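Q: I have a new structure to read. Where do I start, and what should I look for?

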Amino acid sequence: MGFLADFREYTPGTTCVVGASCDDGLICTINDVYGANCTCAGTPLNDADGDGVCDENDLCSDTPVGEVVNTDGCSCSQLIVDDGDPCTVDDCVNGIVTHSCCRMATKTWTAFAMVADSCPEP
Ligand SMILES: [Ca+2]
Ligand SMILES: [Ca+2]
């Protein structure tokens with residue numbers, strides 16, 4: 001869709017019908033409809049912890065204020081980041097946990113030989 005088509009679509013009074021259904025792009029609203037001046041708005045659902053993920057979809061209640069969450073409403077401080085595997089590198093950014101391969105294998109010398117741990121090489 002080109003610029004002109006977009007312009008027409010969103011120009012107030014040209015194509016929208018007040019009361020017609022639309023999508024306001026917010027996941028915490030339902031029953032979105034066009035109002036005056038073609039503004040699309042819906043009925044807000046509850047979002048108790050204010051993280052932008054409505055309670056119905058929020059798997060982690062009481063998210064601390066200001067923490068970025070994933071689509072389930074969970075921030076890194078609310079997730080288990082360590083997968084328990086000593087060979088993977090655990091990380092969490094914006095509520096997305098990743099486990100990448102691999103830690104540097106630790107090699108230790110005994111009196112007789114060099115012994116490497118079981119982690120695969122990076
Ligand atoms: Ca929430
Ligand atoms: Ca949350």
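A: Start with the definition of a helix and a strand: helices are DSSP runs of H or I with at least four residues, strands are runs of E with at least two, and both are numbered from the N terminus. Keep in mind that this model is predicted.

Q: How many helices and strands are there in the protein?

A: The protein has one helix and six strands. Along the sequence they follow the pattern α-β-β-β-β-β-β.

Q: Which strands pair, and in which sense do β1 and β2 run?

A: Pairing needs at least two bridges between two strands. β1 and β2 are joined by four bridges and are antiparallel. For one bridge, look at Val33, whose partner in β2 is Ala41.

Q: How many residues lie between β1 and β2 in their hairpin?

A: Five residues separate the two strands of this hairpin. Asn37 sits in the turn, and its phi is positive, about 60 degrees. Now look at Cys38, in the loop between β1 (29–34) and β2 (40–44). Cys38 also has a positive phi, near 60 degrees, and it is not a glycine.

Q: How many bridges join β3 to β4?

A: Six bridges join β3 to β4, and the two strands run antiparallel. Within this pair, Val93 stands opposite Ile96 in β4. β3 and β4 also form a hairpin, with two residues between them. In that turn, Asn94 has a positive phi of about 55 degrees.

Q: What should I check in the loop between β2 and β3?

A: Begin with Asp62, which lies in the loop between β2 and β3 (88–93). Asp62 is not a glycine, yet its phi is positive, about 60 degrees. Asp62 is exposed because 9 other C-beta atoms lie within 10 Å.

Q: What about Val65 and Gly66: buried or exposed?

A: Take Val65 in the loop between β2 and β3. Val65 counts as exposed because it has 7 C-beta neighbours inside 10 Å. Gly66 belongs to the loop between β2 and β3 as well. Gly66 has 8 C-beta neighbours inside 10 Å, so it counts as exposed.

Q: Where do Val65 and Gly66 stand relative to residues 16 apart along the chain?

A: Compare C-alpha positions. Val65 and Asp49 are 16 residues apart along the chain, and their C-alpha atoms are separated by 7.4 Å. Gly66 and Gly50 are also 16 residues apart, with 9.0 Å between their C-alpha atoms.

Q: Which residues does the cis peptide bond join?

A: Read omega for the bond between two neighbours. The cis bond joins Cys101 and Cys102, with omega about 5 degrees. Cys102 lies in the loop between β4 (96–101) and β5 (107–109).

Q: What share of the whole protein is buried?

A: Apply the neighbour count to every residue. Buried residues make up 7% of the 122 residues.

Q: And what share of the contacts join residues at least 24 apart?

A: A contact means two C-beta atoms within 7 Å. Among contacts between residues at least 6 apart in sequence, 12% join residues at least 24 apart.

How values were computed: Residues numbered from 1 in each chain as written. Chains lettered and ligands numbered in written order. Predicted model: local features only at pLDDT ≥ 70, side-chain atom pairs only at ≥ 80, totals over all residues. Buried ≥ 20, exposed ≤ 12 C-beta atoms within 10 Å, placed from the backbone.
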